[in-house]
Amino acid sequence: MTGVPASAGGGSAPGGRLGAAAVNQASLWNIANILTMLRLLLVPAFVVLLLQDGGYDPVWRAWAWAAFAVAMITDIFDGHLARTYNLVTDFGKIADPIADKAIMAAGLICLSALGDLPWWVTAVILFRELGITLMRFWVIRHGVIPASRGGKLKTLAQGTAVGMYVLALTGPLATFRFWVMAVAVLLTLATGFDYVRQAVTLRRRGLAKERGTAGSVR
C-alpha cells in the first residue's frame, strides 16, 4: 500500500502527479537520512560543548565526546541501513560524506585551536580528505573508486584518536592517544596514496577505452 488513492494513478491527472510527488518526498524521510541529518546537527553542538569554559573543562569535554561518539555511531549505521534496505537517495549521497567530514574537521580544528593537537596533523588529514573527495569527482565519469578496507580502518583510527583527544586524559592514556593518532596519520597517508594510484589507473583505462571506441567508430 502506498497511501495514494487509486483515482490518483492517472499520469495526466494533477492528483496523480501530486500523489507521486508526495510519495517521493516521503521517501526522503527514511531512517538512514534521519541519522545523517542528526549527525549534521551534532556538529555545531559538538563544537559548542567542546569550547565551553575555554575548552578545558573536563565535564564539558566529556559531553563533547558523547556528541562525537554518537556522530561516529550514526556514521556506521546510516550507510549500512541505506544499503541493506535500499534507502539510498540523492540527498544521502551528498549529505553523508559532508556530515562525515564536517564532524571530523570540527574536532581536528577545535583541538588544534586549543593547542591539544599540532596544526600539521590537522592539515595533513584535512588536505587528504579534501584531495580524495576532489579526485573522486575528477574520475567519476570513468568509474567509482570503492571504499577500501584500509580506508575503513583509517576512519576508525581517526575517530578513535580524535575522540581520545577530546577527553581530558592524563598519564598513560594521554601517551597512548598520541600513538593512536600517529597510526591514524600513517593510515591517512597510506590510503591517500593508494586512492591516487587507483584514480590514475581508472582514468587511464577510461581514456584508453574512449580512444578505442572513437577509433572503431571511424
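Which residues form a nonpolar patch on the surface?

1. In this predicted model, the patch consists of Trp29, Ile31 and Ile34, which together have about 310 Å² of accessible area. Tryptophan 29 sits in the loop between helix H1 (14-28) and helix H2 (31-51). With a relative accessible area of 53%, tryptophan 29 counts as exposed, because the cut-off for that class is over 50%.

2. As to the overall fold, the protein has 7 helices and 0 strands, giving the pattern α-α-α-α-α-α-α along the sequence. Of the contacts between residues at least 6 apart in sequence, 72% join residues at least 24 apart.

3. Buried residues account for 34% of the 218 residues. The accessible surface comes to about 13100 Å², and carbon and sulfur atoms contribute 71% of that area.

4. The count of salt bridges is 7. One of them pairs the side chains of arginine 39 and aspartate 96 at 2.6 Å, N to O. Arginine 39 belongs to helix H2 and aspartate 96 to helix H4 (residues 90-113), so this pair ties together parts that are 57 residues apart in sequence. Arginine 39 is buried, at 0% relative accessibility.

5. A salt bridge also joins the side chains of aspartate 194 and arginine 197 (2.7 Å, N to O). Both residues lie in helix H7 (residues 172-217), 3 residues apart, about one turn of the helix. Aspartate 194 is partly exposed, at 26% relative accessibility. Elsewhere, salt bridges with shared partners join Arg39, Asp75, Asp96 and Asp100 into one network.

6. Arginine 128 and glutamate 129 form a further side-chain salt bridge (3.4 Å, N to O). Arginine 128 is buried at 8% relative accessible area, and glutamate 129 is buried at 11%.

Note on methods: Residues numbered from 1 in each chain as written. Predicted model: local features only at pLDDT ≥ 70, side-chain atom pairs only at ≥ 80, totals over all residues. Heavy atoms only, no water. Patch = residues over 30% accessible without salt bridge, like charges linked within 9 Å, V, L, I, M, F, W, Y side chains within 5 Å. Areas by Shrake-Rupley, 256 points an atom, 1.4 Å probe, with all protein chains shown as cover. Salt bridge = Lys/Arg side-chain N within 4 Å of Asp/Glu carboxyl O. Helix = DSSP H or I, 4+ residues; strand = E, 2+ residues; numbered from the N terminus. Buried < 20%, exposed > 50% of the residue type's maximum accessible area, 1.4 Å probe, protein only. Contact = heavy atoms within 4.5 Å.
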